[in-house]
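This report concerns one protein model and its computed geometry. Please consult the sequence and coordinates shown below alongside the text.

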Amino acid sequence: LQKPAGLISYMVLTSLIQPINDNFAKICAPVLQITVPDALNGPVFGLNNIDDGNLMGGILANWAKKKGWKGDKAYIVESFNASYGQGVTDRLDRCAATALGGAPGATVERFDVGTQTNDGQVAMTNWLTAHPNIHQILVCAQADPYAIAMAQAFESAGRISDGAVVGTGGVQITAELLKLNSALVGTVDQAYSTYGNYVIPLIQDILAGKPVPFETHQNLTTITRAIP
């Protein structure tokens with residue numbers, strides 16, 4: 001209704017991106033998509049899922065090495081929900097593969113955590129209930145809110161020492177929680193505060209008809225808990 005000249009979209013549910021963006025195509029308004037490069041054929045800013053997964057898995061691999069977690073006593077668990085698209089699945093698969101390098105011989109499993117963070121806590125709780133004798137559990141969570149919820153499941157089960165949960169996002173609340181005693185051991189800082197430095201010049205160039213990269217990525221760093 002506003003007839004925008006162009007848009008920056010942070011819609012991450014792949015099933016909705018194209019139907020929404022089709023409306024903007026009707027008025028020839030270009031869209032700069034954030035985070036989901038596999039969702040449409042246009043410029044994208046945001047996370048490189050493979051790099052992110054490598055950093056996530058690296059945190060878990062380091063934890064496993066220091067703790068001596070490996071072999072048939074160790075499990076690597078991936079959270080999963082198909083609605084987030086192939087990019088997030090690739091991120092978590094890479095996280096698990098990298099974590100496996102620090103926990104050779106570990107069993108890798110994936111389970112659905114739904115689309116709400118409380119679903120993630122329930123799913124993790126159910127998994128822990130089904131595996132009462134597994135005490136070396138490395139968890140790849142697709143984002144910090146899920147990582148926090150899944151770490152809470154370990155706490156509620158009285159099994160904090162059994163788990164090492166890693167997320168991605170790096171928001172302030174996650175960094176603060178890493179200072180507390182929990183199963184949450186790390187996250188990847190996606191530098192949200194710098195997004196404007198990227199997306200505003202990009203959309204300005206797009207509207208000016210200047211060429212821009214198909215994908216532009218921010219710098220990623222890790223935030224981790226000290227290994228006891």
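The sections below cover the basis of the model, its nonpolar cores, an open sheet, salt bridges, backbone angles and a surface patch.

## Basis of the model

The model is predicted: local features need pLDDT of at least 70 and side-chain atom pairs count only at pLDDT 80 or more, whereas totals for chains, interfaces and linings use all residues. Residues are numbered from 1 along each chain as its sequence is written, and side-chain values use heavy atoms, with hydrogens and water left out.

Helices (H or I, at least four residues) and strands (E, at least two) are DSSP runs, numbered from the N terminus. Buried denotes under 20% relative accessible area, exposed over 50%, and partly exposed the range in between (1.4 Å probe, protein chains only).

## Nonpolar cores

A nonpolar core is a set of buried Ala, Val, Leu, Ile, Met, Phe, Trp, Tyr and Cys residues joined through side-chain atoms within 4.5 Å. The largest one has 46 residues, and those with the most contacts inside it are Leu-60, Met-124, Trp-127, Leu-138 and Val-165. At least two residues of this core are supplied by each of helix H2 (49-67), strand S4 (74-80), helix H3 (85-102), helix H4 (117-130), strand S6 (136-140), helix H5 (144-156), strand S7 (163-166) and S8. H5 provides the largest share, with 6 residues. A second, separate core of 8 residues includes Leu-32, Ile-34, Val-199 and Ile-203. In soluble globular proteins, nonpolar side chains tend to be buried together.

Strands are taken to pair if DSSP finds at least two bridges between them. An open sheet of 4 strands has the order S1-S2-S3-S9, with parallel pairing. Its edge strands, strand S1 (7-9) and strand S9 (215-216), each pair on one side only.

S9 pairs with strand S3 (residues 44-45) in the parallel sense over 2 bridges. Within this pairing, Thr-216 in S9 is the bridge partner of Phe-45. Glu-215 also has its place in strand S9 and is partly exposed, with a relative accessible area of 37%. The C-alpha atoms of Glu-215 and Ile-17 are separated by 17 Å, while the two residues are 198 residues apart along the chain.

## Salt bridges

A salt bridge is a side-chain nitrogen of Lys or Arg within 4 Å of a carboxyl oxygen of Asp or Glu. The whole structure contains 4 salt bridges. One of them joins Asp-52 and Arg-91, whose closest N and O atoms are 3.4 Å apart. Asp-52 lies in helix H2 and Arg-91 in helix H3, so this pair ties together parts that are 39 residues apart in sequence. Asp-52 counts as buried at 0% relative accessibility, and Arg-91 counts as buried at 6%.

Asp-93 and Arg-110 also meet through their side chains in a salt bridge (2.8 Å, N to O). Because Asp-93 lies in helix H3 and Arg-110 in strand S5 (residues 107-112), the pair ties together parts that are 17 residues apart in sequence. Asp-93 is partly exposed, with a relative accessible area of 30%, and Arg-110 is partly exposed at 41%. Another salt bridge links the side chains of Asp-162 and Arg-159 (2.8 Å, N to O); both Asp-162 and Arg-159 are buried.

## Positive phi angles

Most residues other than glycine have a negative phi. Cys-28, in the loop between helix H1 (14-26) and strand S2 (31-34), has a positive phi near 60°. Cys-28 is exposed, with a relative accessible area of 68%.

Ala-191 has a positive phi near 55° and is placed in the loop between S8 and H7. At 16% relative accessibility, Ala-191 counts as buried.

## Nonpolar surface patch

Tyr-10, Val-171, Ile-173 and Tyr-192 make a nonpolar surface patch of about 360 Å². Patches are made of residues with over 30% relative accessible area and no salt bridge, with like charges joined within 9 Å and nonpolar side chains (Val, Leu, Ile, Met, Phe, Trp, Tyr) within 5 Å. Accessible areas come from the Shrake-Rupley method with a 1.4 Å probe, and for residues only the protein chains shown count as cover.

Tyr-192 lies in the loop between strand S8 (184-189) and helix H7 (195-207). Tyr-192 is partly exposed, with a relative accessible area of 34%.
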